[in-house]
Amino acid sequence: MSRIGRSPIPLPNGVEVSIDAREVTVKGPKGTLARTLPGAITVRRDEQVLVVERPDDERHNRALHGLTRSLLNNMVVGVTDGFSKELEIVGVGYRATARGASSVELALGFSHPVVVDAPDGISFEVPAPTRIAVRGIDKEKVGQVAANIRKIRKPEPYKGKGVRYAGERVIRKAGKAAK
């Protein structure tokens, strides 16, 4: 049995969960998230925990068991604490400027500034000109928006310039050798 799938999801105070056939809705202090359950996976509530169950040990159901438990746990954590991804900008003249909480303007060495607008449920913070924080309650959305920003100017291997995740190690290459 899946070690991840069989562990129950604790529900903190202030979190309400409604299970309606295949739809699970989690409501908390930071917002509301909903997800449709995949396959034959079922969820039941026991007092202050959610339990994810599968009908049999078929390969497909085993795969969905742990996945569903992780997704539901991320929903519970998202509506209570929220998620955040930090990005660093490395390069001379490269910087970020906040335009409210819903968009950020990036100067990344192009002939024009790049403006990134946040989708619903996502906000940007720029604590320093070379740092961006992407925040939200949906872990998937936060990670996707951070990946899209990184994709604008990936860190290059020769000088290391570009947008990278905080703490990301960029493996550097040696330049061409002089004669």
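This is a predicted model: local features need pLDDT of at least 70, side-chain atom pairs count only at pLDDT 80 or more; totals for chains, interfaces and linings use all residues.
**Entry 1: Arg 164**

I began with Arg 164, which I found in strand β13, spanning residues 162–165. Is this side chain buried or exposed? Arg 164 is buried, and I found no salt bridge for it. The nearest side chain of opposite charge belongs to Glu 88, at 4.8 Å. Setting aside neighbours within four places in sequence, I listed the contacts of Arg 164 as Glu 86, Leu 87, Glu 88, Val 90, Arg 150, Pro 155 and Val 170.

**Entry 2: Arg 69**

Next I looked up Arg 69, in helix α2, which covers residues 59–80. Arg 69 is also buried without a salt bridge. How far away is the nearest side chain of opposite charge? It is that of Glu 53, at 13 Å. A polar atom of the Arg 69 side chain lies 3.3 Å from the backbone oxygen of Pro 8. Pro 8 is also among the contacts of Arg 69 beyond four places in sequence, together with Ile 4, Gly 5, Ser 7, Ile 9 and Val 52.

**Entry 3: Val 115**

I placed Val 115 in strand β10, residues 114–117. Its relative accessible area is 35%, so I wrote it down as partly exposed. Not counting residues up to four places away, Val 115 touches Arg 99, Val 104 and Glu 105. Arg 99 is 16 residues from Val 115 along the chain, and their C-alpha atoms are 9.0 Å apart.

**Entry 4: two positive phi angles**

Which residues other than glycine did I note with a positive phi? One is Ala 21, with phi near 55°. Ala 21 sits in the loop between β2 (16–20) and β3 (23–28), and I noted it as exposed because its relative accessibility is 66%. Another is Glu 47, with phi of about 50°. Glu 47 belongs to the loop between β5 (42–46) and β6 (49–53). With 74% relative accessibility, Glu 47 counts as exposed.

**Entry 5: rings**

I looked for aromatic pairs and the count was 0. I did find charges over rings. Lys 85 lies over the face of Tyr 165, 5.0 Å from the ring centre. The charged end of Arg 153 sits over the ring of Phe 110, at 4.3 Å from its centre.

Definitions and conventions
Residues are numbered from 1 along each chain as its sequence is written. Side-chain values use heavy atoms; hydrogens and water are left out. Helices (H or I, at least four residues) and strands (E, at least two) are DSSP runs, numbered from the N terminus. Buried means under 20% relative accessible area, exposed over 50%, partly exposed in between (1.4 Å probe, protein chains only). Lys and Arg count as positive and Asp and Glu as negative; His and the chain ends are not counted. A salt bridge is a side-chain nitrogen of Lys or Arg within 4 Å of a carboxyl oxygen of Asp or Glu. Contact means heavy atoms within 4.5 Å. Rings of Phe, Tyr and Trp (its six-membered ring) pair if their centres lie within 6.5 Å; planes under 30 degrees apart count as stacked, over 60 as edge-to-face and the rest as tilted. A charge sits over a ring if NZ of Lys or CZ of Arg is within 6 Å of the ring centre and within 35 degrees of the ring normal. A polar contact is a pair of N or O atoms within 3.5 Å; within protein, one must be able to donate a hydrogen and the other to accept it, and residues adjacent in sequence count only if both atoms are side-chain atoms.
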